[in-house]
Amino acid sequence: MKSYSHTTRGWINGFIGVAIFSGSLPATKAALIGFSPDFLTASRAAIAGLLSVLILILFRQKLPNRQQIIGLSVVALGVVVGFPFLTALALKQVTSAHSMVFLGLLPLSTAIFGVLRGGERPHKAFWFFSVLGSLFVMGFAYFQGGNSTLIGDLYMLAAVLVCGLGYAEGAKLSKHLGSWQVICWALVISLPIMLILCLLLWPDSLEAVPAFAWGGLGYVALFSMLIGFFFWYSGLAEGGIAGVSQLQLLQPFMGLMISAWILNESINTLMVISTIGVIICVIGSKRFSH
């Protein structure tokens with residue numbers, strides 16, 4: 001049985017991770033101004049992977065065993081390659097606003113894989129609040145508008161599925177390897193392929209790439225790909241995969257608040273009402289997650 005302080009620490013770490021991830025889609029959209037989706041995926045993983053090598057050497061981490069390497073490969077396919085690449089492809093087809101419809105399904109996807117891979121068994125009321133929260137986010141994003149295409153929607157749906165699996169598998173491994181160790185090893189496993197792809201996909205010229213795009217690449221490589229996972233996997237492992245995953249319901253709203261702060265975009269009544277509804281669902285999910 002987890003102690004109250006241990007669980008609370010997990011939720012705090014999870015919230016910090018979600019706050020960091022909230023800037024991922026806007027930063028990806030910014031980076032796509034100057035880079036192709038495939039190069040962006042390879043370069044962000046390569047940069048984070050090289051940093052991970054230094055971190056693992058500095059802290060003298062022992063090599064994972066064979067079974068852990070299999071799990072780390074699943075993490076790598078889900079969160080290092082799959083989600084970044086599929087969302088980058090999707091954002092070429094749909095708007096950031098429309099992509100939030102699918103982010104509303106990510107907590108549910110993570111919770112389901114938490115049950116399948118982590119062996120968790122949340123209360124039936126948990127699923128009610130989880131589905132209701134997802135509907136709040138999807139309804140909000142739908143009424144906010146945003147262009148869509150079938151192929152873009154399929155990319156986002158696939159991204160949500162592989163990301164949920166990667167989150168659940170990483171949380172399971174974090175209980176034995178440690179949170180930051182999991183993402184670092186997953187990035188190192190991916191590094192050889194990502195470096196090769198980065199070189200093969202290298203743009204003909206980088207002179208025309210605007211600073212805004214460089215900033216987006218820097219954010220997704222350092223924060224979305226690395227630092228955010230230090231907190232996120234720790235939160236999932238300590239607070240429970242199914243429960244803490246519901247904090248992701250707040251991600252679209254936090255992202256819009258970041259946009260309002262940086263881009264001076266307005267916050268409307270629909271956003272306020274939806275946010276309140278989501279917060280109630282997160283509280284309910286926390287209450288019945290064990």
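Predicted model: local features only at pLDDT ≥ 70, side-chain atom pairs only at ≥ 80, totals over all residues.
Figure 1. Ser 245 belongs to the loop that lies between helix H11 (241-244) and helix H12 (251-263). A polar atom of the Ser 245 side chain lies 2.7 Å from the backbone oxygen of Ala 242. When neighbours within four places in sequence are left aside, the residues in contact with Ser 245 are Pro 107, Thr 110, Ala 111, Trp 232, Leu 236 and Gly 240.

**Figure 2. The aromatic pair of Phe 21 and Tyr 167.** The count of aromatic pairs in the model comes to 13. In the pair formed by Phe 21 and Tyr 167, the ring centres are 6.3 Å apart and the angle between the planes is 15°, and the pair is stacked. Distant parts of the chain are linked by this pair: Phe 21 is in helix H1 (residues 4-21) and Tyr 167 is in helix H8 (residues 150-177), 146 residues apart. Phe 21 and Tyr 167 are both buried.

**Figure 3. The aromatic pair of Phe 128 and Phe 129.** The planes of these two rings stand at 75° and their centres are 5.3 Å apart, so the pair is edge-to-face; the cut-off for this class is over 60 degrees. Phe 128 is exposed, having a relative accessible area of 52%, whereas Phe 129 counts as buried at 18% relative accessibility.

**Figure 4. An aromatic cluster.** One aromatic cluster is formed by Phe 21, Tyr 167, Phe 229, Trp 232 and Tyr 233. Among its members, Trp 232 is also in contact with Ser 245.

Definitions and conventions
Residues numbered from 1 in each chain as written. Heavy atoms only, no water. Phe/Tyr/Trp six-rings, centres within 6.5 Å; stacked < 30°, edge-to-face > 60°. Helix = DSSP H or I, 4+ residues; strand = E, 2+ residues; numbered from the N terminus. Buried < 20%, exposed > 50% of the residue type's maximum accessible area, 1.4 Å probe, protein only. Polar contact = N/O pair within 3.5 Å; in protein donor to acceptor, adjacent residues only side chain to side chain. Contact = heavy atoms within 4.5 Å.
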